[in-house]
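Please read the following briefing alongside the sequence and the coordinates.

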Amino acid sequence: MRGAARAAGGRAGQLWPRPPAPGPGPPPPLLLLLLGALLGGAGAQYSSDRCSWKGSGLTHEAHRKEVEQVYLRCSAGSVEWMYPTGALIVNVRPNTFPPSRRHLTLCIKPLRDSSGANIYLEKTGELQLLVRDGDRGPRQVHCFGFEQRGLFVEATPQQDISRRTTGFQYELTSRHAESDLRAQSAPCRPCSDTEVLLAVCTSDFVVRGSIQDVTHEPEQQESAIHLHVNRLYRQKSTVFRPAPEGGGWRGHVTTLLECGVRPGRGEFLFTGPIHFGEAHLGCAPRFKDFQRMYKDAEEKGLNPCEMGTE
């Protein structure tokens with residue numbers, strides 16, 4: 001076993017068709033929709049306690065291009081748009097002081113089987129495509145600085161919208177989380193002693209247990225490591241639950257398929273971040289190796305935090 005790390009509102013306004021101006025052709029449809037939303041924004045309803053939004057394009061009149069403003073005030077939630085028509089502008093406005101927002105990262109993850117719209121990041125008046133309608137590849141997580149927080153969701157032309165739903169989960173995280181930095185730079189490299197000790201102190205979950213099975217999802221480019229946990233040191237959200245047969249906990253952590261994880265005997269210390277309700281593998285040394293690392297650091301007074309090692 002190798003150690004591996006790795007944003008409701010109401011209708012914003014309507015954009016009425018205009019005759020084309022002389023000269024160059026009309027602006028691109030995306031920019032027209034965006035301009036209509038910004039000009040009509042004063043009429044948008046505002047909710048200060050909503051984490052998630054769910055709406056339907058069936059409330060729009062078919063001959064009008066409508067843009068709806070959505071306001072979200074939490075650090076995590078979801079957007080689910082059934083029968084998408086027109087467009088949404090999603091505004092994430094968490095209840096945090098402005099100075100602290102500079103250190104936040106906004107991440108989105110498309111819902112499984114999301115279809116019927118493209119998702120864009122609005123950045124200084126330009127639109128950058130994040131998720132293309134019809135993309136059936138792995139549900140990648142897209143992250144960007146919180147100051148670039150405008151998301152523009154535009155429905156794509158469809159012959160039949162009856163069974164289409166588009167959406168995503170969103171999550172605000174600390175920008176420079178150590179485990180995330182390591183995950184991006186070298187997702188499959190075993191952790192050093194220093195990285196293990198730091199992971200124990202900063203990870204969203206820290207558990208001691210054994211591997212029961214490893215399953216692979218080639219379509220998502222992920223592997224799931226199924227664990228039996230003997231000791232639960234910490235978990236930010238409930239990803240490990242009491243075992244039905246009693247005695248310990250059960251759950252799984254995910255890692256990249258390319259890391260080639262295989263079942264291994266013995267006890268390990270599993271650490272890592274939790275994103276969108278899923279535990280992701282960070283550092284995972286054998287428990288006896290962790291005991292050695294901890295003891296050596298303790299003798300030198302270099303432990304970043306205290307933890308039981310028995």
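**Disulfides, burial and confidence**

With 110° about the S-S bond, the link of C107 and C143 is right-handed. This pair links distant parts of the chain, with C107 in strand β6 (residues 104–110) and C143 in strand β9 (residues 142–145), 36 residues apart; helices (H or I, at least four residues) and strands (E, at least two) are DSSP runs, numbered from the N terminus. The model is a predicted one, in which local features need pLDDT of at least 70 and side-chain atom pairs count only at pLDDT 80 or more, while totals for chains, interfaces and linings use all residues. Residues are numbered from 1 along each chain as its sequence is written, and side-chain values use heavy atoms, with hydrogens and water left out.

**Disulfides**

- Taking a disulfide as a pair of cysteine sulfur atoms within 2.5 Å, the count comes to five disulfides, and with bonded cysteines counted along the chain they follow the pattern 1-2, 3-4, 5-8, 6-9, 7-10.
- The sulfur atoms of C107 and C143 are 2.0 Å apart; C107 counts as buried at 6% relative accessibility, whereas C143, at 47%, counts as partly exposed, where buried means under 20% relative accessible area, exposed over 50% and partly exposed in between (1.4 Å probe, protein chains only).
- C51 and C74 form a disulfide with their sulfur atoms 1.9 Å apart, and the torsion about their S-S bond is about -65°, so this disulfide is left-handed.
- C51 lies in the loop between α1 (29–39) and β2 (53–56) and C74 in the loop between β3 (65–72) and β4 (76–82), so the pair ties together parts that are 23 residues apart in sequence.
- C51 is partly exposed at 30% relative accessibility, while C74 is buried at 16%.
- C201 and C305 form a disulfide with their sulfur atoms 2.0 Å apart, and this link, with -90° about the S-S bond, is left-handed.
- Because C201 lies in helix α4 and C305 in the segment after α5, the pair ties together parts that are 104 residues apart in sequence.
- C201 is partly exposed, with a relative accessible area of 24%, and C305 is partly exposed, with 25%.

**Helix α4**

- The buried residues of helix α4 (residues 193–202) are V196, L197, A199 and V200.
- Seen down the axis of α4, these buried residues fall within an arc of 160°, so they line one face of the helix; the arc is that of the directions from the helix axis to the C-beta atoms.
- The buried residues of α4 pack against β12 (205–217), β13 (222–235), β16 and α5 (287–299).

**Residue T156**

- T156 lies in the loop between β10 (150–155) and β11 (165–174) and is buried, with a relative accessible area of 15%.
- The side chain of T156 makes a polar contact with the side chain of D133 (2.7 Å); a polar contact is a pair of N or O atoms within 3.5 Å, and within protein one must be able to donate a hydrogen and the other to accept it, with residues adjacent in sequence counting only if both atoms are side-chain atoms.
- Not counting residues up to four places away in sequence, T156 touches G116, A117, N118 and D133, contact meaning heavy atoms within 4.5 Å.

**Confidence**

- The mean pLDDT of the protein is 78, and 73% of its residues reach 70 or more, pLDDT being the predictor's confidence in each residue, from 0 to 100.
- Among the elements of the protein, strand β1 (residues 11–15) has the lowest mean pLDDT (35) and strand β16 (residues 268–272) the highest (96).
- Over residues 1–28 pLDDT stays under 50.
- Where pLDDT is low, the predicted coordinates should not be read in detail.
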